[in-house]
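Biologist: Please take a close look at one part of this model, the aromatic residues and what surrounds them, and describe it in a connected way.

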Amino acid sequence: MPESTRRDWFKAGAAAMALTPAIGGLAAAAPQAQTAKENPPDYLHAAREAARWITAASQVTAEGAHWTAQPDHPELPTSPSKQLGVYSGSAGVVLFLLQLAKATGDNSYRDQATKGADYLVAHWKDLSTTGSSGPAGSALSFYNGLAGIAFTLAEAWKWTGEARYRDAALEVTNFIVQSAKPAGAGVTWAGSPGLSGGDTGVVLYLLYAASAFHDDSYKPLAARAGEHILELAEKDPRGGVRWFGPSRPGAASTDPRTYFPNFELGTAGVAYGLARLFAETRDARFLEGARQGALHLQKIATVAGDSALICYREPDLTNLYYLGFCHGPSGTARLFYELYTVTKEREYLGWTERLARGITGSGIPEILAPGFWYVDCQCCGLAGVTDFFLGLWAGTHKPEYLAFARRAAEQALSRVTDLNNAGYRWYQAWTRVTPWVVTAETGHMVGAAGIATSLLHLHLADQRRYEAIVFPDNPFPNTVSA
């Protein structure tokens with residue numbers, strides 16, 4: 001597609017152009033939107049109802065509890081992170097229940113969370129010996145592996161005060177440290193730099209661990225991994241540098257040069273990790289690497305006025321724009337906000353908000369888009385967008401971001417299912433490439449725990465007592481006081 005056509009397509013709004021007949025229905029929907037404002041949804045009730053469905057899927061053992069990933073089809077395997085991980089396993093559920101317990105004061109949620117944490121304590125070594133079903137090396141990664149489990153146990157310790165979770169988190173952390181392998185000028189775990197399934201997720205966890213456990217000895221190892229990540233950067237003729245994530249050579253494409261520029265697999269996530277390394281070490285090489293990664297993304301972005309989007313994938317899907325966390329601006333904008341945080345250069349805040357306007361100008365959440373289909377989850381759907389705009393609101397205090405988070409959350413609530421009065425869940429085709437596979441999962445990134453987490457966060461924001469467990473790849477404030 002010629003560049004002029006691409007820009008015209010973006011300026012008009014991908015969703016609006018793809019679904020023009022739906023535009024006429026918006027005017028009729030306006031009174032309903034006003035009614036929704038006068039009678040706001042009960043986000044806390046929705047989070048509780050999701051918890052009811054999730055906890056009904058718990059499998060209690062003598063060592064604790066874990067959750068069936070797909071209660072409708074318990075015979076099916078879990079999505080990427082097997083039984084334990086943050087992405088779609090028990091760790092993500094524990095994080096949701098910890099937050100729900102604190103928000104409500106209901107100790108039944110705390111009890112369920114501790115049972116899940118106990119199971120992680122008893123079984124984390126299973127993952128260290130069997131690996132995960134994700135990319136090579138992801139058994140140590142954040143979303144699919146041990147770094148995420150260590151994070152969950154550390155948060156369980158902080159939120160419950162139970163020392164056994166701190167001890168277990170330290171044991172897992174030390175296992176990760178001992179698993180580092182020499183590579184180039186530094187070290188590696190996964191052999192690839194990406195955030196999800198690669199070394200950057202481990203680096204971010206080690207920086208978190210240094211703060212959580214007041215132990216700066218984790219920082220030098222994280223920096224050594226950063227040195228190797230810098231070596232893997234490739235100059236791009238359009239400007240800046242880029243990194244290939246764990247999918248190189250591309251499993252999702254027949255082209256061995258398949259490249260994902262955005263957050264979870266690509267340059268945006270890697271550059272974010274380097275920016276965090278600079279914040280913790282003050283090593284200027286890391287800041288320069290992050291700047292060069294950001295420059296590359298700016299050069300390849302499709303910009304229209306004060307809005308921008310970055311394509312899903314090169315070289316074959318350069319006209320497809322995801323809008324969620326994994327491959328869209330809800331994740332990629334985190335890099336620019338972190339660069340703004342560490343440099344105080346307003347250009348980076350400007351790009352954060354430019355990417356946000358790429359979302360708000362697309363027509364979602366009321367109108368679907370090619371890169372934002374009927375999907376509600378944290379990874380690529382409404383929950384991830386809700387939490388992104390809540391983060392922007394927490395960081396900037398601009399009410400329009402809180403308002404857009406409400407719109408996204410209300411759309412997610414309109415899609416809830418409560419079959420047989422068994423609790424709330426969401427049926428979705430969370431992977432765009434297999435839209436015929438519709439599931440309702442319990443986990444964080446692609447299931448009810450993550451969707452309910454975003455609704456809980458919005459409830460707390462509306463109550464002016466916002467508090468969230470933010471992951472190591474999240475630069476936004478975790479609290480906002482009244």
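Modeller: The charged end of Arg242 is placed over the ring of Tyr259, 4.7 Å from the ring centre; a charge sits over a ring if NZ of Lys or CZ of Arg is within 6 Å of the ring centre and within 35 degrees of the ring normal. This is a predicted model, in which local features need pLDDT of at least 70 and side-chain atom pairs count only at pLDDT 80 or more, while totals for chains, interfaces and linings use all residues. Residues are numbered from 1 along each chain as its sequence is written, and side-chain values use heavy atoms, with hydrogens and water left out.

A second case of this kind is Arg354, which lies over the face of Trp351 at 4.8 Å from the ring centre.

Ring-to-ring pairs come next. Rings of Phe, Tyr and Trp (its six-membered ring) pair if their centres lie within 6.5 Å, and planes under 30 degrees apart count as stacked, over 60 as edge-to-face and the rest as tilted. By this rule there are 26 aromatic pairs. Tyr259 takes part in one with Phe244: the centres are 5.3 Å apart and the planes at 55°, so the pair is tilted. Phe244 and Tyr259 are both in the loop between strand 6 (241-242) and helix 11 (267-281), 15 residues apart; helices (H or I, at least four residues) and strands (E, at least two) are DSSP runs, numbered from the N terminus. Both Phe244 and Tyr259 are buried, that is, under 20% relative accessible area, where exposed is over 50% and partly exposed in between (1.4 Å probe, protein chains only).

Phe389 and Tyr401 form another tilted pair, with 6.0 Å from centre to centre and 45° between the planes. Phe389 belongs to helix 15 (residues 382-396) and Tyr401 to helix 16 (residues 399-413), so the pair ties together parts 12 residues apart in sequence. Phe389 and Tyr401 are both buried.

Beyond its neighbours within four places in sequence, Tyr205 is in contact (heavy atoms within 4.5 Å) with Ala147, Ala150, Phe151, Ala169, Thr173, Ile176, Phe213 and Pro472. Tyr205 and Phe151 are also members of one aromatic cluster, together with Tyr87, Phe142, Tyr143, Tyr208, Phe263, Tyr272, Phe325 and Phe471.
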